[in-house]
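Walk through this structure with the viewer open.

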Amino acid sequence: MADVLLPRRAAPDGSPFPDRRDPGFERDVRRMFSHIARRYEWFDHVASLGSDLVWRPRALWDLDRFRAGGPVRRILDLGCGTGELTRRVARHFPTATVVGVDFTTAMLAAARRRTAGAAGRERIAYGRATAMRLPFPDGSFDLATNAFLARNLLDLDAALAEMRRVLRPGGVLLTLEITEPVAPAVGALFHAYFDHVVPWLGAAVDSAGPYRYLPESLHRLPPRPAFRQALRRAGFGRIALVPQSLGIVTTFLAEADGDGRVPAPERRG
Ligand SMILES: C[S@@+](CC[C@H](N)C(=O)[O-])C[C@H]1O[C@@H](n2cnc3c(N)ncnc32)[C@H](O)[C@@H]1O
């Protein structure tokens, strides 16, 4: 009932345009991803000018350089969407099982369709859950990955704590996300494109709301130093931030602390 009565922001064409201040934000994020599920991968390649095809493999390359070694048997890919990173991770770690988790049924359906003929499909499973409450025991995974999820999370701290909880001590978290470019001149060009051209293109070929939400979501992501602090608060020790494409995206890598305890908040000043 409350679902019907809550205010809901929509674009003029009626497409979902999630509003973080609205109590129904997560429901609207699901509606938005349901709305774009069939065209998601295609539009992602177009809007990123093909760069997303490089960003995911490069993030795994960064991961290989960060990891201390040890066996990788179980991997969680959170916010797996249509499974682009899930399938890539399964190819990258050919003896591991990979679980893709997402809270949008339509994205999971697309992931299952696309994975049906993919290499390593027998080692990939998909399931529905929210990042804030993962249905896995403590220490279940050697690696946890997520790409382009963090901007969409209502409570980043809660989700990072969940990812830390399901990693074994010494396990590694990989987060790939759009970030502010490092150089201001690149930032100006990037924002001209990302804040104006992408929403226009999205409205022209698909619908307005999701691609107006896209630049808005980036403004909500903490800057790199604050993201690093959030990882520390969640119980990660060794951390590395690796900018890609002049900082348009960043690979965040973090190793789960040995004892699994969440440290006291860092002192400031
Ligand atoms: C931008 S897509 C990224 C998909 C995929 N990781 C990729 O690399 O293309 C973000 C995905 O995160 C999912 N998502 C957003 N918030 C979530 C949450 N709180 N719990 C689980 N999944 C979430 C959405 O349903 C969507 O499929």
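**Helix packing, ligand shell and confidence**

Helix α4 passes helix α5 in a right-handed crossing. The model is predicted. Helix α4 covers residues 52-66, and its axis lies 11 Å from that of α5, at an angle of about 40°. Angles under 35 degrees count as roughly parallel. The pair α4 and α5 is therefore oblique. From α4, the contact takes Arg-56, Pro-57 and Leu-60. From α5, it takes Glu-84, Leu-85, Arg-88 and His-92. By class, the contact of α4 with α5 has three nonpolar, one polar and three charged residues.

Next, move to α8 and α9. Helix α8 spans residues 184-205, and helix α9 spans residues 208-220. Their axes are 8 Å apart, and the packing angle is about 165°. How are α8 and α9 oriented to each other? Angles over 145 degrees count as roughly antiparallel, and α8 and α9 are therefore roughly antiparallel to each other. The crossing of α8 past α9 is right-handed. On the α8 side, the contact is made by Phe-194, Asp-195, Val-198, Pro-199, Gly-202 and Ala-203. On the α9 side, the residues are Ala-208, Pro-210, Tyr-211, Arg-212, Leu-214 and Pro-215. Sorted by class, the contact of α8 with α9 has nine nonpolar, one polar and two charged residues.

Helix α9 also packs with α2. The axes of α2 and α9 come within 10 Å and cross at roughly 125°. That angle makes α2 and α9 oblique to each other. Here α2 passes α9 in a left-handed crossing. Met-32, His-35 and Ile-36 of α2 make the contact with Gly-209, Pro-210 and Tyr-213 of α9. The class count for α2 with α9 is four nonpolar, two polar and no charged residues. Pro-210 of α9 is listed in this contact and in the contact with α8.

Now turn to the ligand. Which residues come nearest to the ligand? Of the 19 residues around it, they are Gly-79, Gly-81, Thr-104, Ala-131 and Ala-147. The elements that give two or more residues to this shell are α2 (25-36) and α5 (84-92). By class, the shell around the ligand has 12 nonpolar, five polar and two charged residues.

Finally, check the confidence. The protein averages a pLDDT of 92, and 93% of the residues score at least 70. Where does pLDDT stay under 50? One such stretch is residues 1-5, for which the model has two contacts beyond four places in sequence. Another is residues 262-269, where the pLDDT is below 50. Where pLDDT is low, the predicted coordinates should not be read in detail.

Notes: Residues are numbered from 1 along each chain as its sequence is written. This is a predicted model: local features need pLDDT of at least 70, side-chain atom pairs count only at pLDDT 80 or more; totals for chains, interfaces and linings use all residues. A residue is near a molecule or strand if its C-beta atom, placed from the backbone, lies within 6 Å of it. Helices (H or I, at least four residues) and strands (E, at least two) are DSSP runs, numbered from the N terminus. Ala, Val, Leu, Ile, Met, Phe, Trp, Tyr, Cys and Pro count as nonpolar, Asp, Glu, Lys and Arg as charged, and the others, Gly among them, as polar. Axes are lines fitted to C-alpha atoms, for helices over the stretch in contact, and angles run from 0 to 180 degrees between N-to-C directions. Angles under 35 degrees count as roughly parallel, over 145 as roughly antiparallel, 65 to 115 as roughly perpendicular and the rest as oblique. A crossing is left-handed if the near helix is turned anticlockwise from the far one by less than a right angle, and right-handed if clockwise. Two residues are in contact if their C-beta atoms, placed from the backbone, lie within 7 Å. pLDDT is the predictor's confidence in each residue, from 0 to 100.
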